[in-house]
Amino acid sequence: MQLRTSENNLFSPIIGLGEVDGNRLWVKRDDLIPFSFGGNKARKALLFFDEVDQGGYDCVVTYGSGRSNHCRVVANMCAQRGIPCHVVSPRGHGGPSFNGRMVRAFGATVEEVPVEGVHDALEAAVARFSAQGRRPYLIEGGGHGDLGTEAYVRCHGEIRHWERSSGVRLDRVYHASGTGTTQAGLVCGKLCNGHPAEVFGVSVARTEARGRPVVVESALSYLRFKGLPADPAEVEPAVNFLDGYVGGGYGGAGGGVAGEVSGALARWGLPLDSTYTGKAFHGMREHLRSQGAAGLNVLFVHTGGTPIFFDDLEGSVG
Ligand SMILES: *Cc1c(COP(=O)(O)O)cnc(C)c1O
């Protein structure tokens, strides 16, 4: 049985962590979405694969690094359907990883190319499948695009549903921000519903100068896609993009992240990883502390990455 998406289906639980640094903290456990170790890439891919199923596509082309959560989930969904999956990967990004091993175990073909050759390799892969009489479906890296944004508009709906049933009124939402799709979805969910809680994307790699315009453009693109008013003057102030916690850039963990990762596991049984959620969780706490925030109701959206938790663990035990 395949997991199906629906507006009313709550995909992930919200867990209370109690009082943390003077604020009340909850975590939306998207890492527990019940497909392929979950995460935001599973939430997004469920929508892409609705299109695959409905559009009669019979093979998938996508790209991402060897450590990518996105490629693991997409390869797993292809394996489930028994259709070919071709992954174009930029060469030299990441050594061995559990995600990479699973991508291969699911039978995906992985083509490593220099990063500047990714675009051509994707086009060539689509052309090859088409020449074989197949109908290929192309998924952008990280599940970027309007459908990926839609997935997090729906996540925001789940959050509002939880607020109504729990009586908690959230003041802030924090999460790890990469390609910006997750943040664009949460921001559109907020704007379309007049929801008061501010959304803070904690960058895992990009500077604000590079990352923030991508989130804004993704949000505007989604609003146009839905036929809604797309006003930059309304969207821009709603995008809080924090780039002060990227540490050593993508994959590199700055000071404090390792301690946050081991601390969260010991204290709450909450697995974080050093590439995404550990950085974002640490960045959230630092940001709240730096503002002297107290008495706020704060939600952390845990975007997944469980296999990377085990990469980290293996690295740390040698
Ligand atoms: C990809 C990823 C992100 C970033 O999501 P975007 O939608 O690209 O911003 C955050 N956390 C995890 C665990 C991811 O795999």
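By class, the shell around the ligand comprises two nonpolar, eleven polar and two charged residues, where Ala, Val, Leu, Ile, Met, Phe, Trp, Tyr, Cys and Pro count as nonpolar, Asp, Glu, Lys and Arg as charged, and the others, Gly among them, as polar. The model is predicted: local features need pLDDT of at least 70 and side-chain atom pairs count only at pLDDT 80 or more, whereas totals for chains, interfaces and linings use all residues. Residues are numbered from 1 along each chain as its sequence is written, and side-chain values use heavy atoms, with hydrogens and water left out.

Of the 15 residues around the ligand (a heavy atom within 4 Å), Lys41, Gly178, Thr179, Thr182 and Thr303 come nearest. Polar contacts are pairs of N or O atoms within 3.5 Å. A backbone N or O atom of Gly178 is 2.6 Å from an oxygen atom of the ligand, and a side-chain N or O atom of Asn40 lies 2.9 Å from an oxygen atom of the ligand. For Thr303, a side-chain N or O atom is 2.6 Å from a nitrogen atom of the ligand. The protein buries 98% of the 380 Å² that the ligand exposes when taken alone (Shrake-Rupley method, 1.4 Å probe). Helix H1 gives the largest share of the shell, three residues; helices are DSSP runs of at least four residues and strands of at least two, numbered from the N terminus.

Elsewhere, four strands form an open, parallel sheet in the order E5-E4-E3-E6, pairing being defined by at least two DSSP bridges. The edge strands, E5 (109-113) and E6 (136-139), each pair on one side only. Strand E4 (residues 85-90) pairs with E5 over five bridges, and Pro90 stands opposite Val113 in E5.

Key: Polar contact = N/O pair within 3.5 Å; in protein donor to acceptor, adjacent residues only side chain to side chain.
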